[in-house]
Amino acid sequence: MRYTNKDIQDTIREFVNETKQDRLFDVIPFCIGYYGYISKQIWNEIYSLIVEGIIQR
């Protein structure tokens with residue numbers, strides 16, 4: 001595991017807070033650009049941020 005769950009969440013939260021782009025449609029391209037892929041671990045962290053209301057569908 002290259003990144004911890006907290007690292008992934010912090011990176012995505014920082015992206016959302018700085019850019020004000022909180023839609024899933026914006027977060028997925030960011031993650032592909034930043035990480036180079038979307039693994040199950042990254043997807044699980046994205047989903048947890050959706051549940052928290054940080055990311056909008």
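I take a salt bridge to be a side-chain nitrogen of Lys or Arg within 4 Å of a carboxyl oxygen of Asp or Glu, and with that rule a search of the whole structure finds 3 salt bridges.

**Entry 1: ground rules.** The model is predicted, so I keep in mind that local features need pLDDT of at least 70 and that side-chain atom pairs count only at pLDDT 80 or more, while totals for chains, interfaces and linings use all residues. Residues are numbered from 1 along each chain as its sequence is written, and side-chain values use heavy atoms, with hydrogens and water left out.

**Entry 2: the salt bridges.** I looked up the pair Asp 10 and Lys 6, whose side chains meet at 2.9 Å, N to O. Asp 10 and Lys 6 are 4 residues apart in helix H1 and therefore separated by about one helical turn; I take helices (H or I, at least four residues) as DSSP runs numbered from the N terminus. For burial I use relative accessible area with a 1.4 Å probe and protein chains only, where buried means under 20%, exposed over 50%, and partly exposed in between. On that scale Asp 10 is partly exposed at 33%, whereas Lys 6 is exposed at 56%.

Next I looked up Arg 13 and Glu 52, which form a salt bridge at 2.7 Å, N to O. This pair links distant parts of the chain, with Arg 13 in helix H1 and Glu 52 in helix H3, 39 residues apart. Arg 13 is partly exposed at 25%, and Glu 52 is partly exposed at 45%.

Asp 26 and Arg 23 also meet in a salt bridge, at 3.2 Å, N to O. Here Asp 26 counts as buried at 16% relative accessibility, while Arg 23 counts as partly exposed at 42%.

**Entry 3: helix H1.** I noted that H1 has 15 residues and reaches 21 Å from its first C-alpha to its last, close to the 21 Å expected at 1.5 Å a residue, the expected span being 1.5 Å times one less than the number of residues. Which residues of H1 are buried? I find Ile 8, Gln 9, Thr 11, Ile 12, Phe 15 and Val 16. Seen down the axis of H1, the buried residues fall within an arc of 165°, so they line one face of the helix; the arc is that of the directions from the helix axis to the C-beta atoms. The buried residues of H1 pack against H2 and H3, and the face turned away from the buried side carries the exposed residues Lys 6, Asn 17 and Glu 18.

I then followed Thr 11, which is buried at 17%. Leaving aside neighbours within four places in sequence, Thr 11 is in contact with Phe 30, Tyr 34 and Tyr 35, contact meaning heavy atoms within 4.5 Å.

Entry 4: Lys 20 lies in the loop between helix H1 (5-19) and helix H2 (24-35), and the phi of Lys 20 is near 60°, a positive value in a residue other than glycine. For background, most residues other than glycine have a negative phi. Lys 20 is exposed, with a relative accessible area of 66%.

In the loop between H1 and H2 I also looked up Asp 22, which counts as partly exposed at 27%. Asp 22 and Ile 55 are 33 residues apart in sequence and 4.9 Å apart in space, C-alpha to C-alpha. Leaving aside neighbours within four places in sequence, the contacts of Asp 22 are with Val 16, Ile 54, Ile 55 and Gln 56.

Technical notes: Helices (H or I, at least four residues) and strands (E, at least two) are DSSP runs, numbered from the N terminus.
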